[in-house]
Amino acid sequence: MTATETTSVDHTHRLAELPELSTEELQRYSRHLLLPEVGLEGQRRLKAGRVLLVGAGGLGSPLGLYLAAAGVGHVGLVDFDVVDVTNLQRQVLHGTRDVGRSKLDSARDRLLDINPHVDLETYDTRLTSDNALEIVREYDVVVDGTDNFPTRYLVNDACVLTGRPNVYGSIFRFEGQASVFATADGPCYRCLFREPPPPGLVPSCAEGGVLGVLPGLIGTIQATETLKILLGIGTTLAGRLLLVDALRMQFRTLKLQRDPACPACGTRTLRELIDYEDFCGLRAVHSGPGVPEVTPAELVAWRARGDAIDLVDVREPGEWALGHLSGARHVPLGTVSSALGTFARDRTTVLYCKGGTRSAQAARILQDDGFTNVWSLTGGILRWRTEVDPTLPNY
Amino acid sequence: MSITVHLPTMLARLAGDTNALEASGDTVGEALTDVIARFPALGPRLRDDAGKPYGFVTFYLNDEDIRFHGGFEAPIADGDEVIVVPTVAGG
């Protein structure tokens, strides 16, 4: 790619080129048609609109529901996950009967029930550097409803390279952020956050929890921005960052500006998609250089033969309260550095977390302090649950 | 100068469960140093070992990104607000 493509949201369409609305559609969208800012022409623009939703989870749920209901003509949905019972507290696109189904199948049923006029394209895949540009180019607007840093940077860069606006939303616990990135002159996600945090520093919602209604708040803000972009009305969040604090119910808007040094939209030295797992430092963690791992079966054997093991749970307090391994003590990752005095150098220390990332980090902290007999439980408590103790909760 | 540092909830627990901290100093960096002196656990979450800002925590002085106003050297005035904006990825 040698030049950034121009955005494909074209508001110069001649009315005659926009799709017609059927009698049923005219009735369905009557409350839109009554709005001078939307009207018949705007509704036809929505029908011509092509929106890609990356993620059919917490943010993707209200996004999908409202964009379909609003009459966006073409909606693309990227997800590879299966509906889990722990999703239902916030992912209102899916119901109890959908547990175990693919999220795309569940979403298709629900969205087409809301509005059969929507042309829904589903992509049963993880968005990757290999497929992102091809998929993104099919759409006018991309909405970031993902739940991890690598995909967020991937979505952003794909949007900058293809000139598609990136309608951003992100949540954690009681707080959320929203903006519109990668417009023609506006900043992008990298202008706000130059680099991702080291793995494990910022807990995910799966680790730290999230108020169920919060993705509803942020996702509907993203849906609103998406409709405004398609309609070409109002003032979007481009160049502004909206912070939402649901606990205090405070909304704050901060100025965002393009960073002249931003490799994506500033210097434009980033000319193609990169390895985002590597960029986010995840390869190093997955391969875990220097941190020995013990599998659940091996740990069971060690304990059976009576080895003196200091078993340490490094998860957050809320996770510990859900359930933990018997005989374990609790030292959250954030406090390991200050709790080094509680670890014995002459004992075997086995650390565990939910999936193995944070325990590897904790192990590295101990190693850096000179501990030599430190292990990370492979696959964390979730793998332990599968292989050893199914009475522990899945979360 | 007396200003207010606003922390997100995820960091407030490291500051005695307080979201808004009074702080003093002539620059954003000095105000943060003042806060960190009282709540040392905040230190590594706000700046790196060398005292430099991370690329994944953005600081605002009122509604302006401090990177475009001198970074931690950005001067502050009485009544200013510093807003800490951490990156989050949940969705």
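Axes here are lines fitted to C-alpha atoms, for helices over the stretch in contact, and angles run from 0 to 180 degrees between N-to-C directions. This is a predicted model: local features need pLDDT of at least 70, side-chain atom pairs count only at pLDDT 80 or more, and totals for chains, interfaces and linings use all residues. Residues are numbered from 1 along each chain as its sequence is written, while chains are lettered from A and ligands numbered from 1 in the order in which they are written.

**View 1. Helix H4 packs against helix H10 in chain A.** H4(A) covers residues 60-70 and H10(A) covers residues 214-231. Helices (H or I, at least four residues) and strands (E, at least two) are DSSP runs, numbered from the N terminus. The angle between the two is about 40°, and their axes are 8 Å apart. H4(A) passes H10(A) in a right-handed crossing. A crossing is right-handed if the near helix is turned clockwise from the far one by less than a right angle, and left-handed if anticlockwise. From H4(A), the contact includes Ser61(A), Leu63(A) and Tyr66(A). From H10(A), Gly216(A), Gly219(A) and Ala223(A) are among the residues involved. Two residues are in contact if their C-beta atoms, placed from the backbone, lie within 7 Å. The contact residues divide into 8 nonpolar, 6 polar and no charged. Ala, Val, Leu, Ile, Met, Phe, Trp, Tyr, Cys and Pro count as nonpolar, Asp, Glu, Lys and Arg as charged, and the others, Gly among them, as polar.

**View 2. H4(A) also packs against H5(A).** Here the angle is about 30°, with the axes 8 Å apart. The crossing is right-handed. Gly64(A), Leu65(A), Ala68(A) and Ala69(A) of H4(A) meet Ala107(A), Leu111(A) and Ile114(A) of H5(A). By class, this contact has 6 nonpolar, 1 polar and no charged residues. Asp109(A) also sits in H5(A), which spans residues 103-114. Asp109(A) is partly exposed, with 16 other C-beta atoms within 10 Å. A residue is buried if 20 or more other C-beta atoms lie within 10 Å of its own, exposed if 12 or fewer, and partly exposed in between; C-beta atoms are placed from the backbone.

**View 3. Helix H7 of chain A is largely enclosed by the rest of the structure.** H7(A) runs over residues 149-162. Its 14 residues reach 20 Å from first C-alpha to last, close to the 20 Å expected at 1.5 Å a residue. The expected span is 1.5 Å times one less than the number of residues. Of the 14 residues, 14 are buried. Gly163(A) follows H7(A), with a positive phi near 75°.

View 4. Most residues other than glycine have a negative phi. Arg268(A) is partly exposed, with 15 C-beta neighbours inside 10 Å. Asp17(B) is exposed, with 9 other C-beta atoms within 10 Å.

**View 5. Chain B touches chain A.** In this contact, 19 residues of chain B meet 35 residues of chain A. E5(B) gives the largest share of the chain B side, 3 residues. That side divides into 10 nonpolar, 6 polar and 3 charged residues.
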